[in-house]
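Thanks for coming. Please have a look at the next slide before I start talking.

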Amino acid sequence: MLRLTQSVYARMVGHCYDGLPLEACGLIGGDPATAKATLCYPTANVAASARVYTVDPRDHLLADRDAEAQGLELIGVFHSHTHTDAYPSVTDVAEAPDPTWHYLLVSLRDIAPVVRSYRIVDGKIAEEPIVLE
Amino acid sequence: MSIDVRLPNILRPATGGRATVQADGGTVGEVFADLVRQFPDLKLQVLAEDGGLHRHLNVFLNDDDIRYLGKLDAKVNDADTITLMPAVAGG
């Protein structure tokens, strides 16, 4: 289960809409022990593509430092799918950098955004519930 | 000279769980060589087969991406910190 604050949810979805027509991405930070994300770091997508994303490395570094300064750490990544389901693609699975992370997908295909979270471990995808707190 | 090398969670099992280790060298490449000498399990995760940087790894010398500093030839000084970050990408 992944717990998100309302603020993290809103900031994440807002950043995804702001990124249209391209894929947007960002990082979430929090307490890995409780799986609660209290920090949202919208980042640049240096791939600048509607089909793939790459988190700007320097944005990643700064987010990591900021989370650490607050006694927290980065616990996952989010990105948008502009025209497809909120489900990890083959690329998402192949590129997943950390098996302890939470992988959030924000689909903007329909009128309302669809947000889902997954764990990706050894190529296996497992959806997890999201709880807004 | 001995400098701090900070590692992401995903690489810490190779260092016995340590988030920061010290390694010696005058360039980033030399520091990496000492790093993998100390922690052989890191080698395949930080270096490519040709001895260059692993493509899924971003490396910072202080605040700067080493891609813009000469990559493994970038010189290091006392009090510098090297930070390793996994590349985060998908689609």
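This is a predicted model: local features need pLDDT of at least 70, side-chain atom pairs count only at pLDDT 80 or more; totals for chains, interfaces and linings use all residues.

Residues are numbered from 1 along each chain as its sequence is written, and chains are lettered from A and ligands numbered from 1 in the order in which they are written. Helices (H or I, at least four residues) and strands (E, at least two) are DSSP runs, numbered from the N terminus.

Strand 5 of chain A, residues 73–81, is largely enclosed by the rest of the structure, because eight of its nine residues are buried. Buried means that 20 or more other C-beta atoms, placed from the backbone, lie within 10 Å of a residue's own. Strand 5 of chain A runs antiparallel to strand 2 (residues 25–31) of chain A, with six bridges; strands pair if DSSP finds at least two bridges between them. In that pairing A:Gly76 stands opposite A:Ile28.

Now the contact: 19 residues come from chain A and 14 residues from chain B. Contact means C-beta atoms, placed from the backbone, within 7 Å. On the side of chain A that touches chain B, helix 2 of chain A gives the most, five residues. Strand 4 of chain A also joins strand 6 (residues 89–90) of chain B by two bridges, antiparallel, and A:Tyr53 has B:Gly90 as its bridge partner.

Last, helix 1 (residues 28–38) of chain B: its buried residues include B:Val31 and B:Phe32.

Terms used
A residue is buried if 20 or more other C-beta atoms lie within 10 Å of its own, exposed if 12 or fewer, and partly exposed in between; C-beta atoms are placed from the backbone. Two residues are in contact if their C-beta atoms, placed from the backbone, lie within 7 Å.
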